[in-house]
Amino acid sequence: MNTLAELNRRFAVASKLAFEALPGGFLVARVDTDFGSATIALQGAHVLTYQPRNHGPLIWLSKFAKFVPGKSVRGGVPICWPWFGPHSANVQFPGHGFARTVPWQLVEARALPDGRIRLDFELIQSDATRAQWPHASTVRNIVTVGQELEVELATTNTGVAPFQLSQALHTYFEVGDIRRVSIDGLDGSDFIDKVDGSSRKRQEGPLTFSAETDRIYLATSGHCVIRDPELARSILVTSTGSRSTVVWNPWIEKADKMGDFGTDGHLGMVCVETANAADDIIVLKPDETHRLTAQYRSIKD
Ligand code: TA6
């Protein structure tokens, strides 16, 4: 596992990339480029914040987020891996997998010729992770900070037998007021409505929000636009390696129960998740690599 001193010695880039410990011991990378800034935690290779230069924050991080080793953080870009939602066979295993609550190591960090900063993390396997995921594999999260935020989650089968994988980039976006937000790019897609007994429905027109929303959109195109009149901007989400998109807002009651949203915290966020979930399961053969990528860009109206 990387130490703070080692991270700064091996990977710091003058005035662009440095590492620090948050109270409680959470190690984070602080990235500051000419195009945007970000913080990324070593636990979970979890992007906590991202702000393109001359724009407001794009990623939502709860004001009440707790930074406790081994616990998930409310907000940012949590990685759900190697399964999305509950484990299919063992209810004792954590929802959304273990990747977001274990340490990752930084294997490479560099300034690209165009000034972006790229960090390449690999999940550290242990007896505890192998007990839940007995498949020979590696998973890397490659994060590039520039005018866009780019995330690439690459899983490789290093064993001799195929395995199945579900996953998501469970990204929390900052919005001005969820009640005024609409999402384009899902029109005509079938979805599983998790707040209505997982019934299957079809999206007609843009998606808008007036109650708890928890949906897995199926056979999606990899292109969504979050329209936000309150902040006078749109967020463009493009992705590859994914045929399912999860959209989530817990609304008032559920957010209250979670204890890390704060009063009305749900008004300022929406999750639009680039996923391989429900029907969209990945079967990875020996030596194959699956790449799930997402790019996030802010466009002023
Ligand atoms: O992606 C939507 C979802 O699966 C919801 O069902 C919701 O409960 C959630 O993720 C948040 O999960 P978490 O484990 O982070 O509290």
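How many nonpolar, polar and charged residues are there, by class, in the lining of the second largest cavity? I shall open with that question and then move to the pockets and the ligand. Please bear in mind that we are looking at a predicted model.

The lining of the second largest cavity has 4 nonpolar, 2 polar and 1 charged residues. The residues concerned are W81, F98, L123, Q125, T129, R130 and W133. The volume of this second largest cavity is about 40 Å³.

A search of the whole structure finds 2 cavities of 30 Å³ or more. The largest cavity holds about 70 Å³ of space, and 13 residues line it, with G222, V237, S239, T245 and T274 nearest its centre. Strands β18 (223-228), β19 (233-240), β20 and β21 (269-276) are the elements that each give two or more residues to that lining. In class terms, the lining of the largest cavity comprises 3 nonpolar, 9 polar and 1 charged residues.

The largest pocket has a volume of about 420 Å³. Its lining consists of 20 residues, and those closest to the centre are W83, P86, S88, S166 and I281. Strand β10 (residues 163-165) supplies the largest share of this lining, namely 3 residues. The classes in the lining of the largest pocket are 12 nonpolar, 7 polar and 1 charged.

Which pocket holds the ligand? The ligand sits in the second largest pocket, where there is about 290 Å³ of space. This second largest pocket has 16 lining residues, and H96, H170, D214, W248 and M258 are the ones nearest its centre. Two or more residues of the lining come from each of β20 (244-249) and α3 (251-258). By class, this lining has 6 nonpolar, 4 polar and 6 charged residues.

Let us consider the ligand itself. Around the ligand we find R74, F84, H96, R100, H170, K194, D214, V246, W248, M258 and E273. That shell divides into 4 nonpolar, 2 polar and 5 charged residues. In H96, a side-chain N or O atom is 3.1 Å from an oxygen atom of the ligand. For R100, a polar side-chain atom lies 2.9 Å from a ligand oxygen. In E273, the corresponding distance between a side-chain N or O atom and an oxygen atom of the ligand is 2.8 Å. On its own, the ligand has 390 Å² of accessible area, and the protein covers 80% of it.

Notes:
Residues are numbered from 1 along each chain as its sequence is written. Side-chain values use heavy atoms; hydrogens and water are left out. A residue is near a molecule or strand if one of its heavy atoms lies within 4 Å of it. A polar contact is a pair of N or O atoms within 3.5 Å; within protein, one must be able to donate a hydrogen and the other to accept it, and residues adjacent in sequence count only if both atoms are side-chain atoms. Accessible areas come from the Shrake-Rupley method with a 1.4 Å probe; for residues, only the protein chains shown count as cover. On a 1 Å grid over the protein atoms alone, a cavity is a set of points where a 1.4 Å probe fits but cannot get out, and a pocket is an open set with protein on both sides within 12 Å along at least five of seven lines; lining residues have an atom within 4 Å of a point. A molecule sits in a cavity or pocket if more than half of its atoms lie within 2 Å of its grid points. Ala, Val, Leu, Ile, Met, Phe, Trp, Tyr, Cys and Pro count as nonpolar, Asp, Glu, Lys and Arg as charged, and the others, Gly among them, as polar. Grid points are joined across faces, edges and corners, and a volume is the space filled by probe spheres set on the points. Helices (H or I, at least four residues) and strands (E, at least two) are DSSP runs, numbered from the N terminus.
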